[in-house]
Amino acid sequence: MLQFVLRRLAMLVATLVAASFVIYGALYLAPGSPIATLTGGRTPPPEVLLALETRYHLNEPFLVRYWLWLKAAVSGDLGESIPLHEPVATLIGERVGVTASLVLLTSLIILFVGIGLGIIGGLRRGGVDNAVLLSSTISAALPSFAAAVVLQFVVGVKLGWLPVLGTGTGFSDSVKHLILPAIALASTSVALVTRVTRSAVMEEMGKEHVQTALSRGLPYPGLIRRHVLRNAAIPITTVAGLTIASLIALAAIVETAFGLNGLGAYLVQAAMNKDFAVVQGISLVLVAAFVITNVVIDILYAVLDPRVQLGSRAQ
Amino acid sequence: MTSLLQVRDLTVQLKIGADLREVLTTVNLEIAAGEAMGLVGESGSGKSMTAKAIARLLPDGATVSGSITFDGVDVLALSGADLRAHRAQVAVVFQDPRAHINPVRRIDDFMGESLRILSDVSKEEASRRAADALEEVGIDNPAKRLRQYPHELSGGMLQRVMIATALLSEPRLLLADECTTALDVTTQAEVMAIMDELRRDRGLSMLFITHDLELAGAVCDRTCVMYAGQVVETRAASVLHGDPLHPYSAALVDARPDINSTADRLLAIPGRPLSAFEAPSGCRFAPRCGYSTDDCTSHEQEWLELAGGQVRCGRAAELRGTLRGGAHV
């Protein structure tokens, strides 16, 4: 087990290095220059230009710049935002909480609603199952930006139940501000989890080993829990994990729509401002979160399914 | 002889899409306490369905008529806790242990499950009994096996686990559904011998489903031959081979090569086996039978008592003693 986790951690580091190179390279190739943003499009005097270029290492060759950046990033220094003159790490630190809370709340919704509805649909035939299918089809067809607008209009404006904009202050107020964004973000993903749960439960119900358990006269609820849900948990974990990992990136849309001061919204803003250091920093954090989520899924998967060989090399 | 299990005129239809398909027609079967009954027939003749009906494991939407009585209890009327209690008394050993044992749970958990849940036995006690049961079926180092997962055990070993598990809950009837078919021949013989011995020790009744007429003869007291969803003959296993009453039983006996002689050609039954729903009216075997007459195809054959057995063939008494030796072809 330890060996398995260590190997996954080594893969995590390798993935991050590769991702950091791609992120850095992509921004290097992107059109536009941070100097132009900084000077508001005017051409600065040559000595100012030189000073700026030296300060941000803009005149060094690509690989040298990448190396300098990577070295600093490893020690926690993600550089400085060019327009704001603030350390990127500080800027990220101020916003990471919002995104983390949003993703966490959304994950809880996806897990409870998605898996719950999926189990109900999978175990019941007829009306209930059809209702589950219909609702998941509707929610799957609704992209989160559309869901955001609908929720803001109906729940926020018409009914006035929940705030529609901003982050809020204090714990309960912050949570209130996150409810609608979390529902909007969950809308599409929850349908996927529902569908997969439903079919996994149905498939397990048809398995021979469930018939064995039935033939032994075991009580139904325990049988469902110990044999159907326990085994269905394997595919459900895979899909739920991947879905949650993808939320980290998708959060940008919802954060922008609800005016949340989170990493995703800030990433979009920074990219438009050519604030390279911030874009790189946030991208790196997002990639790390994504990869770590996947490592957690891998470990969970091995715990859930004894047939997954922990000792064997990852393919 | 009081019978533990009585199946009378059992007719089962399964729901396939929108229509009902008949898989069993007026099946009659009786098993005495401590008796082993063989159930033989070609694939699709309804052997497994009969066992499933007895254990009440038919798929949803199946319509059942006739009666199944187990120890005086009307099995078809059971529901809820009574139904579970009935299932606990009827242990099933399935054909493919790898599919029929939950792959993500340890052997210990699988074996002790019904003891712990149904009989309130402590976890330690359940494991202890499971270990004893494994030793009984000839598995070495039971403590180690109990800690393992199904995928770490061979097919033969898993089937022994299945048999040991079935016996652990002290059932009164064992339904063995082709329980040795998936195993290689040597393992098959071992598993069979173990099961036979343990069953006799406990005085357990058994319904032994197999394709193998001779195996049924060796293990069972009586043999029941099924064709196209009907039982065509029930006979003491010792005489079925030498004195079959139904032309189909005779043809099955003939189809099996004799180990003591060489045959140029194996005797096959012409035509193909039919399912209950596609069977003709009258005698279902008539189209493939060398002895069929107009009467056979025009009349439903009755379930007759003859020579200590039962047979579903109007000409049985008249044909008795002339059936063997490929005369039907």
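Here is a short chat about reading a few features of this predicted model.

Q: Let's start with confidence. What is the mean pLDDT of chain A?

A: Think of pLDDT as the predictor's confidence in each residue. For chain A the mean is 84, and 96% of its residues reach 70 or more.

Q: Okay, on to helix packing. At what angle do α9 and α10 of chain A pack?

A: Two packed helices are described by the angle between their axes and the distance between the axes. Here, helix α9 (residues 208-215) of chain A meets helix α10 (residues 220-257) of chain A at about 175 degrees, and their axes are 10 Å apart. Angles over 145 degrees count as roughly antiparallel, so that is the word for α9(A) and α10(A).

Q: Which residues make that contact?

A: From α9(A) you have H209(A), V210(A), A213(A) and L214(A), and from α10(A) come L223(A), H227(A), V228(A) and N231(A). Sorted by type, the contact of α9(A) with α10(A) has five nonpolar residues, three polar and no charged.

Q: What about the largest nonpolar core: which residues touch the most other members?

A: A nonpolar core is a set of buried nonpolar residues joined through their side chains. The largest one here has 74 residues, and those touching the most other members are M111(B), V161(B), L173(B), L175(B), M195(B) and F208(B). Helix α7 (residues 155-168) of chain B gives the most to this core, eight residues.

Q: Let's zoom in. What is M111(B) in contact with, leaving aside its neighbours within four places in sequence?

A: Its partners include R216(A) from chain A, along with A130(B), L146(B), V161(B) and L168(B) from chain B. There's also a second, separate core of 48 residues, with V103(A), A147(A), A277(A) and V278(A) among them.

Q: Now the backbone. What is the phi of E170(B), and where does E170(B) lie?

A: E170(B) has a positive phi of about 50 degrees, although it is not a glycine. You'll find E170(B) in the loop between α7 and β7 (173-177) of chain B.

Q: And E178(B): what is its phi?

A: E178(B) also isn't a glycine, and its phi is positive, about 50 degrees. Look for E178(B) in the loop between β7 and α8 (185-202) of chain B.

Q: Are these two buried or exposed?

A: Check the relative accessible area: under 20% is buried and over 50% is exposed. E170(B) is at 63%, so it is exposed, whereas E178(B) is at 9%, so it counts as buried.

How values were computed
Residues are numbered from 1 along each chain as its sequence is written. Chains are lettered from A and ligands numbered from 1 in the order in which they are written. This is a predicted model: local features need pLDDT of at least 70, side-chain atom pairs count only at pLDDT 80 or more; totals for chains, interfaces and linings use all residues. Side-chain values use heavy atoms; hydrogens and water are left out. Axes are lines fitted to C-alpha atoms, for helices over the stretch in contact, and angles run from 0 to 180 degrees between N-to-C directions. Helices (H or I, at least four residues) and strands (E, at least two) are DSSP runs, numbered from the N terminus. Angles under 35 degrees count as roughly parallel, over 145 as roughly antiparallel, 65 to 115 as roughly perpendicular and the rest as oblique. Contact means heavy atoms within 4.5 Å. Ala, Val, Leu, Ile, Met, Phe, Trp, Tyr, Cys and Pro count as nonpolar, Asp, Glu, Lys and Arg as charged, and the others, Gly among them, as polar. A nonpolar core is a set of buried Ala, Val, Leu, Ile, Met, Phe, Trp, Tyr and Cys residues joined through side-chain atoms within 4.5 Å. Buried means under 20% relative accessible area, exposed over 50%, partly exposed in between (1.4 Å probe, protein chains only). pLDDT is the predictor's confidence in each residue, from 0 to 100.
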